[in-house]
Amino acid sequence: MKNGNEIKITPELVKEHGLNEEEYARIKSAMGREPNYTELGIYSVMWSEHCSYKSSRFHLKKLPTKAPWVIQGPGENAGVIDIGDGQAAIFKMESHNHPSYIEPYQGAATGVGGILRDVFTMGARPVANMNALRFGEPSHPKTRHLVAGVVEGIGGYGNCVGVPTVGGETNFDPSYNGNILVNAMTVGLADADKIFYCAAAGVGNPVVYVGSKTGRDGIHGATMASAEFTDDSEEKRPTVQVGDPFTEKLLIEACLELMATDAIIAIQDMGAAGLTSSSVEMASKGGVGFELDLDTVPQRETNMLPYEMMLSESQERMLMVLKPGREDMAKAIFEKWELDFAVIGHITDTGNLTLKFGGEVVGDMPINSLVEDAPEYERPFEYTPKRQAISVKAPADLNKAAMDLIGGPNLCSRRWIWEQYDHMVMGDTIQRPGGDAAVVRVHGTEKALAISTDVTPRYCFADPVEGGRQAVAETWRNITAVGALPLAITNCLNFGNPERKDIMGQFVGCLEGMGEACRALDYPIVSGNVSLYNETNGKGILPTPAIGGVGVMKDSARMATVAFGGAGQTVVLIGETKDELGASLYQREIMGEDAGAPPHVDLTLERRNGDFVRALIENGQVATCHDLSDGGLIAALADMAMAGGVGVNVTVGDDLPVHTHLFSESQARYLVATDADTAEEIRKEAKDAGIPVTVLGETGGERITVNHGALDLDLHALKAAHEGWLPTYMANAS
Amino acid sequence: MKARIFVTLKNGVLDPQGKAIEHALSNMGFEGVDEARQGKFIELELSETDRAKAEANVDEMCRKLLANTVIENYSIELE
Amino acid sequence: MKSAVIVFPGSNCDRDMAVALEKITGQKPLMVWHQDYDFDKVDFIALPGGFSYGDYLRCGAMSARSHVMKEVVKRAEDGVPTFGVCNGFQILTETGLLPGALMRNANLHFVCKDVKMTVENADSMFTNAYKAGEEITIPVAHHDGNYFADDETLDRLEGEGQVAFKYAQDINGAQRRIAGVMNARGNVLGMMPHPERMIESPLGGSDGRKMFESVMNTLG
């Protein structure tokens, strides 16, 4: 019987599998022989950058991952934190960049599907989806098409599955022209004592496959060139996976139903490298062997080879180890949900992954070598040279500059995007997209989770260490600004080619900054994903370590939003504005330059100012709050005025030029608005605590004015520009 | 026997997807497309060998499920 | 008021509907799995939103032919108040309990937002707690909410007071901006907007409550 292993292993074939000579020699020595075709495929995916983190592991190990509230840090399907009352939040963010560039709808949709599975695999019901999207410049011919497809794909999947997509961020920059970033995040809830892990146990216990059938989709692109599959290789091996959110919805319900029983010993979703990585991961964590009978794998196509079954990335599939004797009960649940259920193997004590097909052993590999022998590279790197702090000139026309920024691609309203996502299903979304952080109630309680995804790639490029700090600090600040206590983060580290010293320097620098910020803010990393080689024609993307933060609010009735609460509120700035226009949005968009050092993140100030603001919200002194970030003070004032439907009149000091006050992106700053008496109270409290505080002015009217007309904008015109940019841009799609 | 079923929107029912196709084609420079209508194509493998019976059977499937006759027409080809 | 929520495999607003019913009526609804079609007698049947069978073929097409819907149709024809939201509305038109059909939104995009709509008939069992012509805000979340019926049917619906709600502005291309319609007898209502998502201020408002309260008023 033909099983693929008749294909001869040649140096070319090894190379096509992305393995270098040294790596191949390692495989031979681990196995004590030449691998066959099936085994070569399995090693190649297990030792790929994606599965083995071979370029990043060395540095990832340095990140802080522990805190008293961390139940599970990196290394499982997702991170788990304690949110009190015996409940846990489970979350992770993951990239689906390359597939989304090739086929934006399916790429983005399956990205959402994959991250949902990572979270419900651990026993959580997903309660919120978020995303971080980066597209090329708006004028690039592919950008519109990619935005349309990605947004539709995220919506198409999330809306159908019935998990609200509550927020995210979208940026445009030419560095993503040929390599967009689609990072999806899911947050779920579970009982803290009902978390499921992937470590298999119990020799003889059944290994069970559930979900969709296996087809030839998504098999590793590099292997497509194999000489044996020339004629109809396109037909045989579509590299684009197609998502089926309906099946995912059934899979969530069926898994959660089974998880309510005591049948499951271990469970793992079949993500990248499908059956291979799931079975190896489960066996490795449990220190056991797996024997799989591939003839029993549910198959969607005929004549599939072991190689294809092991490497397929067909979606909506899970692997479980059940307690013996529970198979029938489990099967009944999956049949109720009309999903495939098959016992495809059992646990062994050999420590090997043994594959049978047509009555023969077609693969037999030591699990240890697949995981632990994977190469780990300490790649050479060069830090990004430090930039000097600089001052940036005033614009020719302050009003026009503000209008162009707020009504331009980077700061305009993302309503066109999030109105295509069902952000309210499940009935607990109490802060919808458009604010600092999304807030969803913990169902049936007073508590709520606040979630934010952030990174400023401009800063990461200008100064990776500062940019890494800032990305973490910004999620922390956004979560703080709604009144929640930030607890932990997940990340999605998108970089260019790590074999280039400058790119590796960006990676190392960003991680250093992130680590510092996590430590200073008591805000550990509990899960994450690395996506390298994001570049086209030798040009890398801006370094983009996207951070997804999660926090908890004890009393969701005390939540702040960005909207001014009508006329007559006093507006107060917490934190200090400095001459920090280097690498700012103003500098790039209005002055057309990218130079100078980005704003400095002082983590001590960050924490002090944030803790102060959070207390104001928790005490009920403030219900309107906004952090200052891209676009600085004027962008924040505009957001608050537009959301509240009321103007504002402010005065800034003469210590800095007006444009610096308005556009500086100094960190650790918040705007709050409240009644005059409370504002005075806040001013005193801040002064006593040594926190810089400035009473800026008062809300009212229908204009935004600064320093008696130095800047003067009509709120309606501003809102029209702010709301209009994206729909107008997208309407011109052909 | 193979049955091919074409489901199309009735005349007079606005077809936004067809309109979008028409618009895109014209933007791409294809001229002379007066109208585009989008429908569905469904293929069934039937075990029935009697043509008349098959036709009656498929017709019933169309009326009861495959087409919504409030807005859609259908046609059947047997082979 | 004893109510039932029908649950299809891809329903995803079933819990939201159950939460709203329990909060407003004080009684937990019976959750009826689509295969358990022989369910207890209830005063009110709700068909929730979602993607009942993935919305493949046409939204609501497969569910409309399911066993449980045969039972729902029978009970609705016997006069049991029956209410479908979003996918539930699509299912009700597919069964023929309600006239017309719901097509892809005119701009082809899924739309999720609060919309203003007017109460066109405030005398029905579903709307009597509202005032005639009252403008209320309820969210929508759909891809296929573009209501279609021929002119003759539309004239009849409007003439007989079967149009329950209309959008204040066009949001999806629906004929005559129709957001919700009733059957001739007035005991079946289908609507695209989600009243169960607007039942308390933290969610953005409570205009949806009166819909459930109307039914409670009627049933006493």
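**Domains of chain A**

The model is predicted. Begin by colouring chain A by domain: the domain assignment gives domain 1 as 11–56 + 195–371 and domain 2 as 560–734. The C-alpha centres of these two domains of chain A are 51 Å apart.

**A helix pair in chain A**

Next, select helix H7 (residues 104–120) and helix H10 (residues 245–259) of chain A, whose axes come within 11 Å and cross at roughly 0°. H7(A) and H10(A) are therefore roughly parallel to each other. To view their contact, display A:Gly113, A:Leu116 and A:Phe120 from H7(A), together with A:Pro245, A:Glu248, A:Ile252, A:Cys255 and A:Leu256 from H10(A). By class, this contact has 6 nonpolar, 1 polar and 1 charged residues.

**The sheet of chain A**

Now select the open sheet of 7 strands in chain A, where the order is S8-S10-S7-S11-S9-S12-S13 and the pairing is mixed. Strand S8 (264–269) and strand S13 (360–366) of chain A are its edge strands, each pairing on one side only. From one strand to the next, the twist averages 25°.

Within this sheet, turn to strand S9 (residues 289–293) and strand S12 (residues 352–357) of chain A, which run parallel and are joined by 4 bridges. A:Asp293 has A:Lys356 in S12(A) as its bridge partner.

**A covered strand in chain C**

Move to strand S4 (residues 82–85) of chain C. Are its faces covered or open? Both are covered: C:Thr82 and C:Gly84 on one side, and C:Phe83 and C:Val85 on the other, are all buried.

Strand S3 (residues 44–47) of chain C runs parallel to S4(C) and is joined to it by 3 bridges, with C:Ala46 opposite C:Phe83. Strand S11 (residues 188–191) of chain C also runs parallel to S4(C), through 4 bridges, and C:Leu189 in S11(C) stands opposite C:Phe83.

**Where chains C and A meet**

Finally, select the contact between the chains, which takes 21 residues from chain C and 20 residues from chain A. On the side of chain C, helix H1 (14–25), strand S6 (111–119) and strand S7 (135–142) each supply at least two residues. By class, that side of chain C has 12 nonpolar, 5 polar and 4 charged residues.

Terms used. Residues are numbered from 1 along each chain as its sequence is written. Chains are lettered from A and ligands numbered from 1 in the order in which they are written. This is a predicted model: local features need pLDDT of at least 70, side-chain atom pairs count only at pLDDT 80 or more; totals for chains, interfaces and linings use all residues. Two residues are in contact if their C-beta atoms, placed from the backbone, lie within 7 Å. Ala, Val, Leu, Ile, Met, Phe, Trp, Tyr, Cys and Pro count as nonpolar, Asp, Glu, Lys and Arg as charged, and the others, Gly among them, as polar. Axes are lines fitted to C-alpha atoms, for helices over the stretch in contact, and angles run from 0 to 180 degrees between N-to-C directions. Angles under 35 degrees count as roughly parallel, over 145 as roughly antiparallel, 65 to 115 as roughly perpendicular and the rest as oblique. Domain bounds come from an automatic or database domain assignment. Two strands pair if DSSP finds at least two bridges between them. A residue is buried if 20 or more other C-beta atoms lie within 10 Å of its own, exposed if 12 or fewer, and partly exposed in between; C-beta atoms are placed from the backbone.
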